[in-house]
Amino acid sequence: MQDWMHIFFRALLTIAILFLMTRILGKKQISQLTFFEYITGITLGEVAGFMSTDVEANYMHGFIALLLWFAVPLLLEMLTLKSKRLREWFEGKGTVFIKEGKILEDNLKKERYTADELLEQLRTKSVFNVADVEFAILESSGDISVLLKKENQPLTAKHLGIKTAPERESQAVIIDGNIMDEPLATAGLSREWLFTELEKVGVTLENVFIGQVDAYGGLHVDLYDDMLLVPDDVSKPLLFATLKKCEADLSMYALAVENEGAKRVYESCAEQMNCILEQAEPLLKR
């Protein structure tokens, strides 16, 4: 067999073995690497490279080495699931860099971090002033986690006392002009509904690059033709305005009517409508 054919088949087999091993080791192996995962990844790649190109070497010897470098991390991963001490030994633990707004210089020196590197990492978290930070820790993965001081944290709906509707995952129901039936069914919708919504905004299925249904059941489309403007959905704001007008009318009738019984009925209906509006506002007023 010619050398190039030999290398081709060796590389193809090595790729398949390496892919299978990586799948078994899991997603953690290709995301945020710990110390052991880092050296394992490098060595697996190095061994696989020699197995693919060194035609004079025994392929089985390389395979045994690759199998060993696969088995040891897998075994250690199973052991560290049950032991915190082993996890700290093999994966390391976080180092506090900022506590109560103060930089811990000794910890920076311990991790061989300079002030410039710390500031750079804070900027990647959209933090440009150290005084805004309450707590920052260097994780074992090498990433920095940052907690801002209370007064510098962004406002949420809870801080403002605003009720919000439960969020659901957006579903991509159209991709490349093709309907995705499974996400459509997950959203509890049908093809007939989808075609009706497309007709409302005046676009054809073939012109839709991506179509998503949001948590509120609204369809948002991105078209191949970027010059074509898609009108906003006004049905929900219009419904909210109509309900608001009904509440105002009921309150007005309660003030205008002279009969006490009728007044109490109108007031009760106005209160109920107000409760409905409070619950519906997160869904309709977007």
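This is a predicted model: local features need pLDDT of at least 70, side-chain atom pairs count only at pLDDT 80 or more; totals for chains, interfaces and linings use all residues.
Lysine 200 has a relative accessibility of 58% and counts as exposed, because the cut-off for exposed is over 50%. Glutamate 197 has a relative accessible area of 15% and is buried, because buried means under 20%.

## Other salt bridges

The structure holds four salt bridges. One of them joins the side chains of aspartate 249 and lysine 245, at 3.0 Å from N to O. These residues are four residues apart in helix 9 (residues 235–256), so about one helical turn separates them. Aspartate 249 counts as partly exposed, at 22% relative accessibility.

Another salt bridge is formed by aspartate 143 and lysine 125, whose closest N and O atoms are 3.3 Å apart. This pair links distant parts of the chain, 18 residues apart. Aspartate 143 lies in the loop between strand 3 (133–138) and strand 4 (144–148), and lysine 125 lies in the loop between helix 6 (115–124) and strand 3. Aspartate 143 is partly exposed, with a relative accessible area of 28%. Lysine 125 is also partly exposed, at 34% relative accessibility.

Four strands make up an open sheet with antiparallel pairing, in the order 2-1-3-4. Strand 2 (102–103) and strand 4 are the edge strands, each pairing on one side only.

Strand 1 (residues 95–99) pairs with strand 3 in the antiparallel sense over four bridges. Isoleucine 98 has alanine 136 in strand 3 as its bridge partner. Helix 6 packs on the sheet and touches strand 1, strand 2, strand 3 and strand 4. The direction of helix 6 makes about 70 degrees with that of strand 4.

Strand 3 and strand 4 are paired in the antiparallel sense over five bridges. Valine 133 stands opposite leucine 148, which is in strand 4.

The hairpin of these two strands has five residues between them. Glycine 142 in this hairpin takes a positive phi near 100 degrees. Aspartate 143, the salt-bridge partner of lysine 125, is in the loop between strand 3 and strand 4.

Definitions and conventions:
Residues are numbered from 1 along each chain as its sequence is written. Side-chain values use heavy atoms; hydrogens and water are left out. Buried means under 20% relative accessible area, exposed over 50%, partly exposed in between (1.4 Å probe, protein chains only). Two strands pair if DSSP finds at least two bridges between them. Contact means heavy atoms within 4.5 Å. Axes are lines fitted to C-alpha atoms, for helices over the stretch in contact, and angles run from 0 to 180 degrees between N-to-C directions.
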